Amino acid sequence: MESMNIEALEKKAREIRATCVQMACDGKVGHLSSSLSYVDVLVALYYGWLKVFPEDPGNPGRDRFILSKGHGCSSLYVVLADLGFFPKSMLAEYNREDSCLPNHPCMHTLPVMEMSSGSLGHGLGVATGMLYGLRLRGSGSRTVVLLGDGECNEGSVWESAAFAAAHKLERLLAVVDYNGIQAVGHSDEIMGHTSLEEKFRSFGWAARTIDGSDMKSVVAALDRVPFKKDKPSAIIAKTRTGVSFMENDVLWHYRKPSEEDRVKALAELNAKPIYGRTI
Amino acid sequence: MRRAFAKALCAAAEKDPDVMFLTGDMGFQVFDEFIAKFSRRYVNVGIAEAQLVSMASGLAKEGFRPVIYSIASFMTARPFEQIRVCVAYPDLPVLIVGAGGGYAYSSSGVTHHAGDDLALMSLLPGMTVVAPCDPAELALLLPQLMTLDGPAYMRIGMFGEPEVPAAEPPVLGKARLLAQGEKVAVLTTGDLAAAAREAVEELHKEGIFPLLYHFHTVKPLDTAALESISVKARAMIVLEESSPVGGLAAAIANWLAAGGCKIGFNRSGPPDLFLCGNPSRATLAKRFGYDKRGIMDSCRRAWQQAD
């Protein structure tokens, strides 16, 4: 794919966000802020950095992307549909009964997903196995895992972090969506105001913290991956939802946007959803 | 049984270049041959069972056939959710091996008891669950497990289990006939088959001839064998070194309750309790009636009632 400039990536991100808001409204489901916060990272990854093949999704030469925080799946669905992995019209089925797009992704109903997710603390471990295997096969493919900051409460994340560094999985990139919010509170308070970057570094990773909602910073950080030879890389991306009335509010982890919310958000984003409404 | 496992694993790795062996820091000296021959395909993940399982899932996703190994209690109960979410849900061909299942580590304390390993693994849709009776059977079952498209759990014992003679080789998913007989059927799983076999042979001297079937495959349950047992016998005695909840006996009881085959049902095995007090394995078997003597007593009672 031809790489897009920053402005085009920013526009794309607004479009993805607008689509997520409409999907949450139509699908009558929450977890909207969890999908919105990492959109800039997702766009920078999928529209330039990751090697993917929408027409041949299982191509062994692809980079692998695992959404470990499965509850934030709607933005990934939008990006995959936008890139042509499946028809955009399917987005209207988000969270409906019998839909291929449930609110936690299932690889059986949507086989383009590398893994099903929904329970936290699994993606990084699976990624280490995939990458270990890819390296044994002499593949140069990279593996990216998107984790939540709340997810990093899980001990299993750190078992995997230790393993990845011990085995020098240089082609592994973990991005932590550091949106500051988890299910019932603020992640900094719950983790005692300790630094995620320092944690990853002390586990043997090369890590840096960036403004994850600033496209320029995201692209610049991705361009420097791997940060250090023989070390897995971690990006702690401080993120925002990108919709002013949803910022920094635990409520939007749960709230289903009303039609009024939808209209207000779309106006602010100045973007149109990528699928037409059927209702 | 562990040496037989290590040997069978080497044979499997010889045959299939995608076989990998991952351990959760267990098996000192047991896998030296594998490490020497296939160093690239051996990983000691460390004392990190969650990582052990999720990493195996990633390897299986990339087309490898991981075999993962730890003590049965740590291999099943601790990373249960990893097994459920990363292995069973995506239906990946990971072979999970629990060493010292049941009460093989009886005197190591409750933390090491794995009376629930078969039950936990049987709970997972698509999981094949096996408990071989001796090293020879393990060696014949392992290559069959390595052909499955989905996940499997194998409970293996300790060292030096006696060989249990059988006319037919084991076939995954099929109960194995160990002794012909009538009226009463003894059904075993895991290494209890040896004690059951001895008990049945001694009973022959008393003119009591129970059938003896070994269910090395706990799941899927061989219901065809159960149907045929129901025709041949009036009572069955299920022996298991497992919790009464969710193990072989529970699976059979469920099947009987739903299916209507008429046959008397008895179970001998440990109770639904944490077994404190440093008991030996032999003490437990004696206390709960599944040692040789206990099995003989159960058979005599069932034989008399069947007359």
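Of the 307 residues in chain B, 56% count as buried, a residue being buried if 20 or more other C-beta atoms lie within 10 Å of its own, exposed if 12 or fewer, and partly exposed in between, with C-beta atoms placed from the backbone. The model is predicted: local features need pLDDT of at least 70 and side-chain atom pairs count only at pLDDT 80 or more, while totals for chains, interfaces and linings use all residues. Residues are numbered from 1 along each chain as its sequence is written, chains are lettered from A, and ligands are numbered from 1 in the order in which they are written.

Chain B has 12 helices and 12 strands; helices (H or I, at least four residues) and strands (E, at least two) are DSSP runs, numbered from the N terminus. Its radius of gyration is 19 Å, close to the 19 Å that the globule rule gives for 307 residues, so chain B is as compact as a globular protein of that length. This radius is taken over C-alpha atoms, and the globule rule is 2.2 Å times the number of residues to the power 0.38. Along the principal axes, the C-alpha atoms of chain B fill a box of roughly 60 × 40 × 30 Å. Among the contacts in chain B with a separation of 6 or more, 78% come from residues 24 or more positions apart; two residues are in contact if their C-beta atoms, placed from the backbone, lie within 7 Å.

Chain A has 11 helices and 7 strands. For its 279 residues, a compact globule would have a radius of gyration near 19 Å, and the 18 Å of chain A agrees. The box filled by its C-alpha atoms along the principal axes is roughly 50 × 45 × 35 Å. Of the 279 residues of chain A, 54% count as buried. Of the contacts in chain A between residues at least 6 apart in sequence, 76% join residues at least 24 apart.

Next comes the domain layout of chain B. The assignment gives domain 1 (2–156) and domain 2 (176–306), the bounds coming from an automatic or database domain assignment. Taken over C-alpha atoms, the centres of these two domains of chain B are separated by 26 Å. Their contact takes 25 residues from domain 1 and 27 residues from domain 2 of chain B. On the domain 1 side, the elements that give two or more residues are α6 (117–122), β5 (128–130) and α7 (135–145) of chain B. That side divides into 13 nonpolar, 8 polar and 4 charged residues, where Ala, Val, Leu, Ile, Met, Phe, Trp, Tyr, Cys and Pro count as nonpolar, Asp, Glu, Lys and Arg as charged, and the others, Gly among them, as polar.

The largest nonpolar core has 192 residues, and those with the most contacts inside it are B:Val186 and B:Cys299. Such a core is a set of buried Ala, Val, Leu, Ile, Met, Phe, Trp, Tyr and Cys residues joined through C-beta atoms within 7 Å. Helix α3 (residues 39–49) of chain A gives the most to this core, with 9 residues. Domain 1 and domain 2 of chain B both give residues to the core, so it lies between them.

Not counting residues up to four places away in sequence, B:Val186 touches B:Ala196, B:Val200, B:Pro210, B:Leu211, B:Leu212, B:Ile237, B:Leu239, B:Ile295 and B:Cys299. One of these partners, B:Ile295, lies in helix α12 (residues 292–306) of chain B. B:Ile295 is buried, with 28 other C-beta atoms within 10 Å. Beyond its neighbours within four places, the contacts of B:Ile295 include B:Ala195, B:Ala199, B:Ser268 and B:Tyr290. By contrast, B:Pro271 is exposed, with 10 other C-beta atoms within 10 Å. B:Pro271 lies in the loop between β12 (264–268) and α11 (281–287) of chain B, and touches B:Pro244 and B:Phe288 when residues up to four places away in sequence are not counted.

Between the chains, the contact takes 19 residues from chain A and 20 residues from chain B. On the chain A side, the elements that give two or more residues are α5 (123–136) and α6 (155–166). The largest share of that side, 10 residues, comes from α5(A). By class, the chain A side has 9 nonpolar, 9 polar and 1 charged residues.
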